[in-house]
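Student: I've got a chain to look at. Can you walk me through the fold?

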Amino acid sequence: MILFPKYNYPLAALKPHDHDWRFVQGRESSKTLQTTIIPETIKSVSIPNIAWKTATDIHFPPSFDEKKKYPAVVSAHPIGSCKEQTSGNIYRKAIAEAGFVVITFDASFQGASGGEPRFIENPKFRVSDFRFVVDYIQTLPYVDAERIGVLGICGGGGYAINAAITDYRFKCCVGITPVNFGRLSREAFSEFDPVSSLEKMAKQRTIKSQGGQRLIINLLPPSVDEAKKSTTDIDVIEATEYYKTARGQAPNGYTSAVVGDKPGGFGAYRNAQEIYRRAGSQKKRIVVLPGISHYMLYDKPDAVKPALDQVLPFLEEHLSITR
């Protein structure tokens, strides 16, 4: 976990501003958190995006009073995921119970949000989604526009950092094992041969433009057993366990691979180290949760609890909430 105090961007080359940064990572754990979404505490809305709608859920804190002003946290899902998974059924629950209005949303082209073609993971649109969400929530009478933070898991954490660098409406940022999707695509997803991948992409675009079949690549093995047979990489095996079993499957989910601080093939641990190193803040620290892996931070209590023990006080401090 990397902690950054106020008045600093995550990258030293950028001009400081009123932002806070936190990154959570870890190694391995057990048990799965069992959570349920309480319908009466949620309002589902469709937010205008570029040329489509963004499916969004607004989660209210206990004893919600629409006449009051609340701090808000935007919670973003991992690469190829959906709002019903970890961002919406684990972190959302804890943050809302702490007194925040929490906003979860499906990325463009994914989940219940619009956009064609489907299942696209496009960093440009993933980052712009945050801006459209904030455009909407800062107009809500019960949201304090000066107390909006952002949290993201996996790729959502990486995108949250990027969005907060230039969108000054975010007053703090929390990244749970933030993943650099561009680097991931150039390295692990392309088997460290990006030139060959680009050549294949060019051929596939030509085929598609001439009326051929669209190619959708499933980045994970079909089962945990197959994953263990094909690789020893902890990221691939744990990703398969989460996305290919009842543990993480959701109606709007789509398969992807993500990583944690126990070094695996996709580099999240390295990403966090780099962000920490390049941060302009003079007051910063990195916290590694012992024995916790990336996917344990999705829903395992032994991982999520110590993460939230750091995240919630951080949000409360920098979004000015008292309990």
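Predicted model: local features only at pLDDT ≥ 70, side-chain atom pairs only at ≥ 80, totals over all residues.

Student: How many helices and strands does the chain have?

Tutor: The secondary structure comes to 10 helices and 10 strands. Of the 323 residues, 53% count as buried.

Student: Strand β8 next. Why is it largely enclosed by the rest of the structure?

Tutor: Strand β8 covers residues 170-176, and seven of the seven are buried, so the rest of the structure largely encloses it.

Student: Which strand do six bridges join to β8?

Tutor: That's β7, residues 143-153, and the two run parallel. Within the pair, Val150 sits opposite Cys173 of β8.

Student: And how does the chain cross from β7 to β8?

Tutor: Through helix α3, residues 155-166. This β-α-β crossover is right-handed.

Student: Switching to α2. How far does it reach?

Tutor: Helix α2 spans residues 123-137, 15 residues in total. From first C-alpha to last it reaches 22 Å, close to the 21 Å expected at 1.5 Å a residue.

Student: What's at the start of α2?

Tutor: A side-chain oxygen of Asn122 comes to within 2.9 Å of the backbone nitrogen of Lys124.

Student: Which residues of α2 are buried?

Tutor: Among them are Arg126, Asp129, Phe130 and Ile137. Phe130 is also one of the residues with the most contacts inside the largest nonpolar core.

Student: How many residues are in that core?

Tutor: The largest nonpolar core has 70 residues. Helix α10, residues 301-318, gives the most to this core, with eight residues.

Notes
Residues numbered from 1 in each chain as written. Heavy atoms only, no water. Buried < 20%, exposed > 50% of the residue type's maximum accessible area, 1.4 Å probe, protein only. Helix = DSSP H or I, 4+ residues; strand = E, 2+ residues; numbered from the N terminus. Pairing = 2+ DSSP bridges. Right-handed = clockwise from strand over helix to strand, strands pointing away. Expected span 1.5 Å × (residues − 1). Polar contact = N/O pair within 3.5 Å; in protein donor to acceptor, adjacent residues only side chain to side chain. Core = buried A, V, L, I, M, F, W, Y, C linked by side-chain atoms within 4.5 Å.
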